[in-house]
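I opened the model to look up a few strands and side chains. My entries are kept in the order I made them.

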Amino acid sequence: MKKFGKIVGISLGALVGLLLVLVGTLFWVVFTPSRLTPIIRQVADKMVVCDYEIGSVELTFFSTFPEFGFRADTLCLVNPCEGGKQDTVLFASEVLATVDVQALLRDKHLKVHQLALTGAEGYVYMADSINNLDVLLLPEDTTEDTTATALPFEKITIEQLTVDAKRLVLDDRKDSIDATLLNTNLHARMAGFEDVYVCLSSQDVSAAIGGEVYADHLRVGAELPLALDMEMMSVELNQASV
């Protein structure tokens, strides 16, 4: 009886393994980078309002099982603003996202378990009346003509964000803040607006406010448990450390 059970177990295991290989092969054949990349760009056309570039996109089914992963070898957002030092808002040499397919199919909920950016460079510019962060189509902008901007999902959430950045720059002319972070790693998670955790480590931080230097090539680490109040536009820190 034990021998029979062992044979059945081995047979079922082999069958499951074979099915996984077949499913993986099917997805690879159907969703090759040459076929998948245009689909991703088509969706991005409905969401991104600035100039952008997305490199070749491929599925990472086996390395991110049971979620489906998408990897792009390049992401670049370009949004020039008058007075800004550069046009590129964000560049990443690689982007990896893992998605809950059941939530997407069942609830039209794009639930991203992980979003990782590698080799990133970012530039944020703010002035009195303009900024370069207006790169996505906001939901309220689709109320007048929903047919033209219909998306395959109704809600987006991200459980984990990881950024490996070479250079991050904040150029805030409104509040006279000039800050640069080099070789920075950021990890963040959000269970809700009232439960956000950010961990940041930067090897080289320079910052000046109103012309007064507060950091000159410092090595900085921070853990920031915080709560966001979107109505009051406020941030509450709880047992944060720097």
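Predicted model: local features only at pLDDT ≥ 70, side-chain atom pairs only at ≥ 80, totals over all residues.

Residues are numbered from 1 along each chain as its sequence is written, and side-chain values use heavy atoms, with hydrogens and water left out.

I looked up β10 (residues 177–192) and found it antiparallel to β9 (residues 160–172), with twelve bridges between them. Strands here are DSSP runs of E, at least two residues, numbered from the N terminus, and two of them pair if DSSP finds at least two bridges between them. The β9–β10 hairpin has four residues between the strands, and S176 there takes a positive phi near 55 degrees.

I then followed β10 to β11 (residues 195–209), also antiparallel, and found 14 bridges. Two residues lie between β10 and β11 in their hairpin. R189 of β10 stands opposite Q160 and has Y197 in β11 as its bridge partner.

I checked T180, which is in β10. T180 is buried, at 18% relative accessible area (buried is under 20%, exposed over 50%, with a 1.4 Å probe and protein chains only). Its contacts (heavy atoms within 4.5 Å) include R167, V169, D204 and S206, leaving aside residues up to four places away in sequence.

Last, I looked at M233, in the loop between β12 (212–229) and β13 (234–237). M233 is exposed, with a relative accessible area of 69%.
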